[in-house]
Amino acid sequence: MPRDTEADPPPPPTAAELAAVVDLLADAQPAVAAAARARVLHWGDQALPAVRVAAEAGAARVRARCRSLLRSLEVRECLVRLSRLRLAGQGAGSPTTLLAGVALLTRMVRTFVPMDRELGGALREHAHAVAARITGRSLPYAARTLAERLCGEAGLRGGRSEAGPVEELAVDRVLATGVGAPIALSLVYMLVARWAGLSAAGVAMPGHFLVRLHGRRPVLVDPCRGGRTITKSDCMRHLRHVGRRPVAPLLRDLDDREVLRAYLDALRSAACHRPIEHAAQSLEHAAALLAPA
């Protein structure tokens with residue numbers, strides 16, 4: 001019986017094929033170099049070992065182009081993982097899943113972002129300290145305790161601008177420097193609050209971002225102002241002052257998909273001010289993945 005070759009996966013590239021194609025990345029003819037790059041991207045993970053070696057030990061032009069390829073493969077993997085996230089509704093979604101989404105988006109504009117487990121460990125340490133202090137206490141007390149831990153003890157504070165440069169948007173850098181853009185600080189507050197057993201959702205205001213803690217009487221927190229509790233009336237006055245009406249839709253809770261979209265928008269704005277290889281296209285793909293169903 002003849003073999004059904006169409007059902008068989010293509011054979012993996014041989015070591016000789018990989019070496020030859022990697023060498024062609026440095027070809028002086030742009031069309032040849034582009035074809036070699038497309039072939040490596042097609043091979044994907046199968047080409048990674050050879051590309052990694054050439055990125056460190058090859059000729060100068062090969063090193064540069066292999067490093068660019070590694071970045072492309074990393075971003076592609078981020079998009080695949082982002083597409084597989086199961087994002088929940090408002091306030092009670094998994095902090096692990098939300099953090100994974102944040103880390104994946106950050107890796108599209110920055111290299112050397114720590115793994116989710118490392119970032120989660122630092123955030124859970126804060127959460128354990130908060131949880132130990134709020135057991136059996138009221139939600140306003142929990143909000144003050146969260147602020148005392150993250151602002152008073154960890155020293156987190158608002159950055160220089162509303163959107164912030166990439167460094168003020170990356171959660172790992174916010175934890176390291178203590179300085180963050182509103183949405184980055186809010187993400188830290190949300191993640192710590194959830195790991196501490198609280199229900200926390202994001203609230204997107206024009207040029208700003210807040211966190212709502214849920215309970216019998218929800219509490220609205222402004223991480224950029226030391227985690228201070230603010231009232232709905234405060235927000236309504238601000239929105240009217242900047243000419244935004246109606247105000248109610250701007251004070252609603254966001255679900256986790258919307259939070260990630262807001263974070264992505266901030267990253268896109270930061271990337272526009274400092275061109276980053278692959279960032280614009282990869283964030284465009286991520287926006288499509290996070291678009292409303």
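User: Which residues does Asp222 touch, not counting residues up to four places away in sequence?

Analyst: This is a predicted model, and in it Asp222 touches His208, Phe209, Leu210, Gly227, Arg228 and Ile230, once residues up to four places away in sequence are left out. Asp222 is found in strand β5, which covers residues 219-222.

User: Is Asp222 buried or exposed, and what does its side chain reach?

Analyst: A residue counts as buried when its relative accessible area is under 20%, and because the value for Asp222 is 2%, this residue counts as buried. Its side chain makes a polar contact with the side chain of His208 at 3.0 Å, and the side chain of Asp222 also reaches the backbone nitrogen of Cys224 at 3.1 Å.

User: Now I would like to read a pair of helices; how are two packed helices described?

Analyst: In general, two packed helices are described by the angle between their axes together with the distance between those axes. Here the axes of helix α6 (residues 116-134) and helix α7 (residues 139-153) come within 10 Å and cross at roughly 145°, and α6 passes α7 in a right-handed crossing. On the side of α6 the contact is made by Glu125, His126, Ala129, Val130, Arg133 and Ile134, while α7 contributes Tyr141, Ala142, Thr145, Leu146, Arg149, Leu150 and Glu153. Sorted by class, this contact of α6 with α7 has seven nonpolar, two polar and four charged residues.

User: How many residues does α6 have, and how far does it reach from its first C-alpha to its last?

Analyst: Helix α6 has 19 residues and reaches 26 Å from its first C-alpha to its last, which is close to the 27 Å expected at 1.5 Å a residue. After α6 comes Gly136, whose phi is positive, near 75°.

User: Which residues of α6 are buried, and what do they pack against?

Analyst: The buried residues of α6 are Asp116, Leu119, Gly120, Leu123, His126, Ala127, Ala129, Val130 and Ile134. These buried residues pack against α4 (60-83), α5 (95-107), α7, α8 (171-177) and α9 (182-195).

User: Where does Arg107 lie, and is this residue buried or exposed?

Analyst: Arg107 lies in helix α5 and is buried, with a relative accessible area of 5%. A polar atom of its side chain lies 3.0 Å from the backbone oxygen of Pro114, and among the residues that Arg107 touches, not counting those up to four places away in sequence, are Arg71, Glu74, Cys78 and Asp116.

User: What is the relative accessible area of Ala35?

Analyst: Ala35, whose place is in helix α2 (residues 30-43), has a relative accessible area of 48% and is therefore partly exposed. The C-alpha atoms of Ala35 and Val21 are separated by 9.0 Å, and these residues are 14 residues apart along the chain.

User: Finally, how many helices and strands are there in the protein?

Analyst: There are 12 helices and six strands, and buried residues make up 46% of the 293 residues in the protein. Of the contacts with a separation of 6 or more, 60% are accounted for by residues 24 or more positions apart.

Technical notes. Residues are numbered from 1 along each chain as its sequence is written. This is a predicted model: local features need pLDDT of at least 70, side-chain atom pairs count only at pLDDT 80 or more; totals for chains, interfaces and linings use all residues. Side-chain values use heavy atoms; hydrogens and water are left out. Axes are lines fitted to C-alpha atoms, for helices over the stretch in contact, and angles run from 0 to 180 degrees between N-to-C directions. Helices (H or I, at least four residues) and strands (E, at least two) are DSSP runs, numbered from the N terminus. A crossing is left-handed if the near helix is turned anticlockwise from the far one by less than a right angle, and right-handed if clockwise. Contact means heavy atoms within 4.5 Å. Ala, Val, Leu, Ile, Met, Phe, Trp, Tyr, Cys and Pro count as nonpolar, Asp, Glu, Lys and Arg as charged, and the others, Gly among them, as polar. The expected span of a helix is 1.5 Å times one less than its number of residues. Buried means under 20% relative accessible area, exposed over 50%, partly exposed in between (1.4 Å probe, protein chains only). A polar contact is a pair of N or O atoms within 3.5 Å; within protein, one must be able to donate a hydrogen and the other to accept it, and residues adjacent in sequence count only if both atoms are side-chain atoms.
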